[in-house]
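Dear colleague,

I am passing on a structure that you have not worked with before.

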Amino acid sequence: RDSSTSRGLGDVYKRQLFNDSTRQMSHLITNHTAETGTHYITSTIKEYMKMFWKASGGGVIVGALCILKMLYGYADGSEFSHAFMYAFNYAMGFIMIYLMGFTLATKQPAMTASTMAKVLSDEKNTSKNYREFAHLISKLFRSQFVAFVGNVLLAFPVALAVIYGLDVLFNQNFAADKSTVLLRDLDPFNSKALLHASIAGFFLFISGIISGNVGNNSVYYQIPARIEKNPLIKGILGQKAARGISRYYSKNWAGIVSNFWFGVFLGVTGPIGKFLGLDLDIRHITFAAGNFAIGLYGKEFNVDSYTFWISLITVFLIGFFNFLVSFGLSMALAFRSRKITFGGVREILKEIRRYFFQNPLRFFFPIRSSELDLRAKEMVEKVSTKSEGH
């Protein structure tokens, strides 16, 4: 009996140690992503339009990536060779978007969820603060909305323009053989488009964890300071160059690694799914918009009204599931890291629903509310300041 009791206590201690360790790790990771997430929340009309143009730049690059992925699909080779080409295509494109200062809309939720959780943990649970938090959610939602719009509005015409240019240049409609599959994949009743969108959302969540972990390790191991003080780098390139490399690493390395792995995850899922005989793939709103354009061109725009409208609607449904899964998982992780109980979440959700029905346009457009805007800005700045201190 004593032996069984000891084993039972040992199991309890192990579970407690595991829970404490994972909570501490998730807290350190989400602390970094919370600071990053503050940059994805727009307040003014100027910030709103800036987000739109940054998302438009991301849409231009994704439109071109859609064409490249289609052309890679024609290459002879095994599923693993296709997995390598697709992964390279996605990773290269996402890193370009990041380094050029553009935005991929669905990368936002994994970052902003940590910001939301940190705001909640820092504020007192009062009805007034819940309303201020609901206003902050409206700012987050409209920021995500305008990023979706910017991505989709540019990805569609760019993909269309490039496939048309290839047709004129080579006198061949490269999209003809792929169009049926591309349009079928945008029909949720004849494909697993929404499941695949959820898989992409999961990978978005994982890429957020990678970004937070790399950023946290960079601080913990003082890597930027080590680069700046490295005698070999200073001896060959000089002190100024070493300082520049250190700053570049500190600012960009977590984002580069995160975007690289996100591209790898998206690229290998489909080919590995085929190799294993499983219906696994990914759907991303911006790529779905580009594929919609390619599918229409491949059919020479001769599609029935059902195919056109169901494809258009599914593009935005894919975006919704991308957002829902990545934001939901990131929020759950952030809540766990800060020991926020889900009992209080119901009150917050009620306040958000109430605020939405009272001010629906604020969830889509930057309509000013001076007092709430000021308070929401203070909340976000507090998060940013504490993260920098950490």
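Predicted model: local features only at pLDDT ≥ 70, side-chain atom pairs only at ≥ 80, totals over all residues.

The secondary structure of the chain comes to 14 helices and zero strands, and of its 390 residues 48% count as buried. Among the contacts in the chain with a separation of 6 or more, 84% are accounted for by residues 24 or more positions apart. The chain exposes about 19900 Å², and carbon and sulfur atoms supply 64% of that area.

Turning to the pair of helices, the axes of α2 (residues 45-73) and α3 (residues 79-99) come within 10 Å and cross at roughly 170 degrees. Since angles over 145 degrees count as roughly antiparallel, α2 and α3 are therefore roughly antiparallel to each other. On the α2 side, the residues that meet α3 include Gly58, Ile61, Val62, Leu65 and Tyr72, while those of α3 that meet α2 include His82, Met85, Phe88, Met92 and Ile97. The residues of this contact divide into 12 nonpolar, five polar and one charged.

Is Thr314 buried or exposed? Its relative accessible area is 0%, and because buried means under 20%, Thr314 counts as buried. Leaving aside residues up to four places away in sequence, Thr314 touches Leu186, Asp187, Pro188 and Ala193.

With kind regards

Definitions and conventions: Residues numbered from 1 in each chain as written. Heavy atoms only, no water. Axes fitted to C-alpha atoms, helices over the stretch in contact; angles between N-to-C directions. Helix = DSSP H or I, 4+ residues; strand = E, 2+ residues; numbered from the N terminus. Parallel < 35°, antiparallel > 145°, perpendicular 65-115°, else oblique. Contact = heavy atoms within 4.5 Å. Nonpolar A, V, L, I, M, F, W, Y, C, P; charged D, E, K, R; others polar. Buried < 20%, exposed > 50% of the residue type's maximum accessible area, 1.4 Å probe, protein only. Areas by Shrake-Rupley, 256 points an atom, 1.4 Å probe, with all protein chains shown as cover.
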